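Could you look over the model below alongside this note? The points are meant to be read with the coordinates open.

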Amino acid sequence: MMFAVATVALAFNAPMCSRMASRSAAVSMNIDRRDLLTTATVGAATLLSSSAAFADGANSRAVAFKARAVYGSRVVKLLDATSTEKILDEKNVFQLFVTGTYRTLDEKATAKKLNGIAKTALAAAGKGDLAGSKAAIKEFVAIGKITDVLSVSGNDYDPKQRRNPGAPETSEIEAGMASLKYAFTEPKKTG
């Protein structure tokens with residue numbers, strides 16, 4: 001807070017060049033100490049305040065768990081794929097899972113292993129080897145300790161649910177909807 005107040009106070013000082021602009025076209029290097037310190041302080045404050053734009057604040061347990069839930073569930077569903085085209089259509093899910101779940105340095109070895117297995121699975125799918133691709137995906141699921149979180153009814157990460165964080169739990173909303181609870185996740189009643 002104090003840093004912001006000091007920056008704002010110093011930002012409204014007259015620019016250093018205003019005195020020089022009123023003189024002749026000759027260049028003058030006469031700068032007093034106050035102008036030099038003010039300019040240096042404002043410059044440093046500008047540089048330091050912009051460093052927040054480079055911060056990656058999304059590295060938390062909740063974000064990693066959401067990536068595990070959403071992308072991990074998609075990987076698990078590939079075990080039931082009936083064609084290699086289905087696996088190749090979901091090729092990005094492997095990278096999304098690894099980069100979203102294994103983000104820290106202590107998990108780097110696991111991430112490297114998972115990336116290698118993903119390449120093996122996609123290479124096998126590219127050659128049309130469904131059994132080889134599924135075997136690699138099964139190994140990926142085992143090493144990544146992946147479960148299908150989205151198959152659990154009422155989970156918070158189902159992308160089909162239209163709800164805001166902090167809203168009542170899914171079970172409470174569905175209980176209030178009675179026979180229309182299908183409308184919470186599906187546009188039309190199935191079956």
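This is a predicted model: local features need pLDDT of at least 70, side-chain atom pairs count only at pLDDT 80 or more; totals for chains, interfaces and linings use all residues.

1. Residues are numbered from 1 along each chain as its sequence is written, and side-chain values use heavy atoms, with hydrogens and water left out.

2. The secondary structure comes to nine helices and zero strands, where helices (H or I, at least four residues) and strands (E, at least two) are DSSP runs numbered from the N terminus. Of the 191 residues in the chain, 25% are buried, taking buried as under 20% relative accessible area, exposed as over 50% and partly exposed as in between, with a 1.4 Å probe and protein chains only. Among contacts (heavy atoms within 4.5 Å) with a separation of 6 or more, 60% join residues 24 or more positions apart.

3. Helix α8 covers residues 130–144, and its 15 residues reach 21 Å from first C-alpha to last, close to the 21 Å expected, that span being 1.5 Å times one less than the number of residues. Its buried residues are S133, A136, I137, F140, V141 and G144. Seen down the axis of α8, these fall within an arc of 145°, so they line one face of the helix; the arc is that of the directions from the helix axis to the C-beta atoms. On the other side of α8, A131, K138 and A142 are exposed, while the cover over the buried residues includes α4 (61–77), α5 (84–89), α6 (92–101) and α7 (108–126).

4. Both ends of α8 deserve a look. At its start, a side-chain oxygen of D129 comes to within 3.0 Å of the backbone nitrogen of G132, and just after the helix K145 takes a positive phi of about 50°.

5. Leaving out residues up to four places away in sequence, F97 touches A67, R68, Y71, G72, Y102, L114, F140, G144 and I146. Of these, F140 and G144 are also among the buried residues of α8.

Terms used. A polar contact is a pair of N or O atoms within 3.5 Å; within protein, one must be able to donate a hydrogen and the other to accept it, and residues adjacent in sequence count only if both atoms are side-chain atoms.
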